[in-house]
Amino acid sequence: MYEGEALSLLQTRVLGVLIEKQHTVPDSYPLTLNSLVTGCNQKSSRDPVLEASEGDVAAAIDQLRALNMVNEVSGGRVPRYEHLLGRALQIPSQSVALLAVLMLRGPQTAGELRLNCERLHRFADISAVEGFLEELAGREPGALVAQLPKQAGARECRWAHLLSGEVPSISSELPNRTLLERVDQLELEVVQLKQQLALLCAANPQNS
């Protein structure tokens, strides 16, 4: 488990946006506060979609600067901000790209990560993605990603980042699993009741 201070959803969103825009709009990077707010509230390629205010994002930036994960770049008419995630966590750019996509889009399979990382880093194949994920999961002093339990009917396991502490998706999937088990139980009870009803009707044909 990641041993640093657990980050909020908005803090991880700010980091994800900074990393993403560094690669997709390099001419605009480092980003202004206004650009960061727009990126955090972007409707596409985001899960969940947020509606953060300028004040919320500014507070998140200050907290990340205190953790040495974001830096304010001097010069120019307005302050601009850059991420320092790779340096802060001592991880390579490939791992930074994977974490960014997980922070922006939530848990994903290795195949989804390879596709969604395309503009940040082009991985040769899925095994390359899995290699970096396994390094992040086995990292000392604390794992930065974790593999989630396979969902019912899913062919692949998903991965999630641990920068916000315990993975919310694990706890959110448990009620779904319990619900599925309950549905299975109810279906079995319906079958049993139908069988009992058929027996009663056979024993008392005049009442059927």
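What pattern does the chain follow when read along the sequence? The order is α-β-α-α-β-β-α-α-α-α-β-β-α, and the chain holds eight helices and five strands. Here helices (H or I, at least four residues) and strands (E, at least two) are DSSP runs, numbered from the N terminus. The model is a predicted one, in which local features need pLDDT of at least 70 and side-chain atom pairs count only at pLDDT 80 or more, whereas totals for chains, interfaces and linings use all residues. Residues are numbered from 1 along each chain as its sequence is written, and side-chain values use heavy atoms, with hydrogens and water left out.

**Whole chain**

The table collects the totals; buried means under 20% relative accessible area, exposed over 50% and partly exposed in between (1.4 Å probe, protein chains only). Contact means heavy atoms within 4.5 Å, and accessible areas come from the Shrake-Rupley method with a 1.4 Å probe, where for residues only the protein chains shown count as cover.

| Property | Value |
|---|---|
| Residues of the chain that count as buried | 38% of 208 residues |
| Contacts between residues at least 6 apart in sequence that join residues at least 24 apart | 55% |

**Helices H1 and H3**

Helix H1 (residues 9–24) packs against helix H3 (residues 54–66) at an angle of about 80°, and their axes lie 9 Å apart. This makes H1 roughly perpendicular to H3, a term that covers angles of 65 to 115 degrees. On the H1 side the contact is made by Leu-10, Gln-11, Val-14 and Leu-15, and on the H3 side by Asp-56, Val-57, Ala-60, Ile-61, Gln-63 and Leu-64.

**A three-stranded sheet**

Three strands form an open sheet in the order S1-S3-S2, with antiparallel pairing. Strand S1 (31–32) and strand S2 (70–73) stand at the edges with a single partner strand each, so one side of each is left without a neighbour in the sheet. S1 is joined to strand S3 (residues 80–83) by two bridges, and Thr-32 has Arg-80 in S3 as its bridge partner. Two strands pair if DSSP finds at least two bridges between them.

**Glu-20**

Helix H1 also contains Glu-20, which is buried, with a relative accessible area of 7%. Leaving aside residues up to four places away in sequence, Glu-20 touches Gln-42, Arg-46, Leu-104, Arg-119 and Leu-120.

Conventions. Axes fitted to C-alpha atoms, helices over the stretch in contact; angles between N-to-C directions. Parallel < 35°, antiparallel > 145°, perpendicular 65-115°, else oblique.
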